[in-house]
Amino acid sequence: MSEGLSRRSFLKIASAAGAAAAIPGCEPVGRELIPYVVPDENVIPGVPSFYATVCSECSAGCGVIARVREGRVIKLEGNPKDPISLGRLCARGQAALQGLYNPDRLAHPFVRRDDGRLRRVSWDVATRELLGRLETAAKAGKDRVAYLARPQGPTFDKVAKTWLSAWNSTKAVFWEPLARPVARQAAQECFGRSDVPVYHLDQAEALISFGADFNETWESPVEMARQYAAFRAPKERRGKLSIGRSAYVGPRMNVTAAKCDEWIAVKPGHEAAIAMSVLYVLVRQGWVSPNSGFDIGTLKSFVQGYEPDTISQQTGVPAEAIVRMGQMFGQAEGAVALAGTDDKETHVAAFILNAVTGNLGKTVVFLEDAPASPYSPQADVDGLIQAMSQKQLDVLVVSGVNPVYSMPPAAKFNDALRQVPLVVWCGLVPDETAEHAHLLLPVHHPLEAWRDIAPRAGVNGIGQPVMQPVFESRDLGDLMLTTARAASADSKTVPWESMADAVNASFQAIQKQIGDKNKPEDFFAQALRDGGVYAEAKAVEVKFNASVFQNKPKPPGAGPDLALAVYPHLFLYDGRGADKPWLQETPEPVDQIVWDSWASVHPETAKTLGISSEEVIEIQTDQGMAALPALITEHVRPGVIAVPLGQGHSAYGRYAKGRGVNGFSLLAPGALSATVKVRATGAKGQLVTPLFSEDMMGRNIVEAMSIEDLARGVAPEREKAPGPYEMYSAFKYPTHKWGMTIDVNACVGCSACVAACYAENNLAFVGKDGVASGRIMSWMRIERYAPPKDQADKAPLLYITPMLCQQCSHAPCEPVCPVFAAYHTQEGINGQNYNRCVGTRYCENNCPYKVRRFNWYKPEWPAPLHLQLNPDVTVRGAGVMEKCTFCIQRIVYAEINAKTENRPLRDGETVPACAQTCPTNAITFGDQNDPQSEMMRRRKDNELRAYRVLNAEFNTLPSITYLRELYHEKGRA
Amino acid sequence: MNRILIPVALATFVGGLTVLAFSQRPWAPRQDVEQPIPFSHRIHAGVNKIPCQYCHEYARRSQTSGVPPVQRCVGCHGDALVGGLQPVTRPWTDHAQPPFEIRWNRVYTLPDFVKFTHQPHIWAGVACQECHGPVETMDRVEPVHEINMGFCLSCHEKRGATQDCFVCHH
């Protein structure tokens, strides 16, 4: 400091540097304006474009509309024209964007060097390498090239087969871990059909689910949740106001079970016996439908040995419960039994239950021209593994599946994989299988590629690319077509040039089939606009195959003392969701755990085994061993350890890697349960939940009433808000006063709203440690409470409700803000000015609903996750409070459009992201100033059920009115 | 020693912070912004009376008014017009060249927490000049008004438009 730099100038520089460092976030944004050279006539910068495409997250095949801003997709919403989604989407569908923009996606092709490390290569080199190996393999003999993948639509799968045939092979294996082949086997056995039926829960009065998590992961969750909400909605049935009666039979009370009247806790594997026993009750009581054509004598001998008392002794399920289910099922006009277990017997028994009560063609419908199973039979999978291990394969291409992670250990897939000289992995985020691959090819996300889907008869969806590829990826379909064309001399064997071409050809065939007279290009353009071609599928009459009754299922026996039940995670499913932070951070609605896997243990079992809360336990099955923290909860049957699938990745990107355990490693092939030994290790694990308490402590956070009371017109007595204590004159709302009506009875807890809110409002994720410190950023959450034990007869199984800012008219948050950042808008919203907020957190402290969120961290979206950010919503920095805004940007957008067109805003024109995506339409949004709005009408029509959360305690006058959950009082008809 | 140095250092730091915070408003309109080509608004909008929205075509439909695509320039300055935009038109006649892009420099910027949109202002009949000044008299565009919240609100007040924070800050 002595030479040339005086103290004065040092201090000057230091203060300037300090000041510059102290005002981050003030760096000017892009200083350049770069116009289009030639503008795209369909793109207006600043105005979203919408493209219809399909969701590829699961096999349900929902149609979606992608909202695209400046060439990048920022939000997915259901396609209202699609009969499966009807404009709604689940949490996993919402989070598909984080698969597209995942920062860990493979960005370039890689080749594994001899030392095991990856070398980046160009696409040319990668393609040449692949072509060379394929040609050698094709010359070496038949079936030396194989393709192992998830079904990715009829056209794609056809392209894959064509590609294989160019290499002298037919070894295309379509597989995924939770494909539930037993459902199709049961349909084959009972009806001689290879397809599964569609269900109409809304046509039923009674429902029994044997392990089918229909509101979560079973078959088509969005559609099922919608139907279930209709089933549970109060309506006149046989001259009486009633709701559907439902029971869930399974080892764990998941959110599906929690929304049923009864949860029959059984050990895994006992579902079939319960179903048979219910059938016994039906047969004995003469509730077999006379039109069903069943011979009572045959049935009687079939159910012999399944007396409720006997089954009760074997399974521990009270006989009365079985009789009650039989009564409910047999006396209903329209009933439906669903099966979701891993054994065929349950599925067969469920089909029989539906058949004998005359519900085939009513609640359970088989459709004409139903597409065949897209999955290969298990024998093909086994054959492939065998061929691999016997070195009969030269090239294996894996796409869309992660067999190293999700094949059971007994399948010995890993050993077999080592015997394949060239494993080509084609995918997004490199997973465990990619770790064993020799050539890694980055392929397009389905949102970047051409696809089609045919999830059921009459539904043909088109998946069109909605944006340019994010990475240097190529579409696998295109790659297969170009390589196949390079190999074959004449173009007849490979008639398509690209996937776009192939999809177009498929739709020309569909046009011919349905006899559409338009020009083919017009037909295709219309189909693209609509998201597909949707036609009414004809129901087909099926005959029950009486030979089923000859194979009587074995009696269940007592089962193991301690059983393991593994179930697909609502968000992570079979593990594919684990790379998406939104899905990791959304709490599983019943156990409310985030970023981890956990073993649910009943308190009694925990006592016997000496397990304390969150203690790490070692689970040992004959297949493998895993150690994970125990969650002591009554939401699991005593004697059962329940573990979700989805975690336990050793690769698959930064968000998935190294958390929890892999449930597949404990299971035998095809099974989801096992006999288990458990040892408490004494080590303390950490399970993280944003949930405060299981108990509402006598406050009316979620309210419920019995359907009997509703039918009588008796509303439960409520405390009146004290007051009026008006300290200030009331607000005036000259134009609109936004509000919501939330039907708690319709909410199934699927958390689609939570994910939609993350997507729409640029919510940051904070990770496991952040949630542990109570810093979760979700503006909206699914709260769940357990009813007190002594009131269980007069309460639903669980209280489940969406909780978000109540936009109070007497908001406790507003007057405490020293800088007027929290203020009341003219349209009745509790506004939050991010740029004015200084972060005192007084508002958060004063909010009785705990829905304000403080940014403890500078939010980070590692590139290119940031490309998903909604440009209409400010990205909040550290030190700023934020909260639900009723999606003000969507309101402003609609208001400006209305103003431009010089007309008043229409009801239903402004829909927040949560209400938009709710599969059951539990959330309605509208103007409280307009009594004719759908939202206000819903309030008025359900006046007896209306309540406002904590209004009696605080006189907050929320803008959200909830409608009470409905339940059947136990022991009352 | 410390009794003097610490307060002085503190005062200098706080002073520096204040000065910087007030002088450096990165989103304030900038004077003397050089543009890559000598484009004159005076000749286009003033002399030739080309309406603003002929080039800034998105203003009535979008948040952003839009910078005209190069194609729009070429619409008039085709190669038939002598002395037109040579560097602009060349790529259109010479296909060997990569597409030409003009990197204009911004004059007006708004921070991320201001969600201004042109559309309703155009439909409410606000003339472009009310905010941007007499652009048709300027060879090189220079800001006339500083677009800050006071400027916005004074007009909103005068016209009886909304003064709800949430309309722009969300």
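Okay, a definition to start: a helix axis here is a line fitted to C-alpha atoms over the stretch in contact, and angles run from 0 to 180 degrees between N-to-C directions. Helices themselves are DSSP runs (H or I, at least four residues), strands are too (E, at least two), and both are numbered from the N terminus.

What we've got is a predicted model, where local features need pLDDT of at least 70 and side-chain atom pairs count only at pLDDT 80 or more, while totals for chains, interfaces and linings use all residues. Residues are numbered from 1 along each chain as its sequence is written, with chains lettered from A and ligands numbered from 1 in the order in which they are written.

So, how do α5 and α19 of chain A cross? Helix α5 (residues 154–166) and helix α19 (residues 499–514) have axes that come within 9 Å and cross at roughly 120°. That makes α5(A) and α19(A) oblique to each other (under 35 degrees is roughly parallel, over 145 roughly antiparallel, 65 to 115 roughly perpendicular, the rest oblique).

Who touches whom? From α5(A), A:P154, A:T155 and A:V159 meet A:M499, A:A502, A:V503 and A:S506 of α19(A); contact means C-beta atoms, placed from the backbone, within 7 Å. The residues in that contact are 5 nonpolar, 2 polar and no charged (nonpolar is Ala, Val, Leu, Ile, Met, Phe, Trp, Tyr, Cys and Pro; charged is Asp, Glu, Lys and Arg; the others, Gly among them, are polar).

Over to chain B: 9 helices and 1 strand, running α-α-α-α-α-β-α-α-α-α from the N terminus.

Confidence, lastly: ipTM is 0.83 and pTM 0.91 for the model.

Notes: Contact = placed C-beta atoms within 7 Å.
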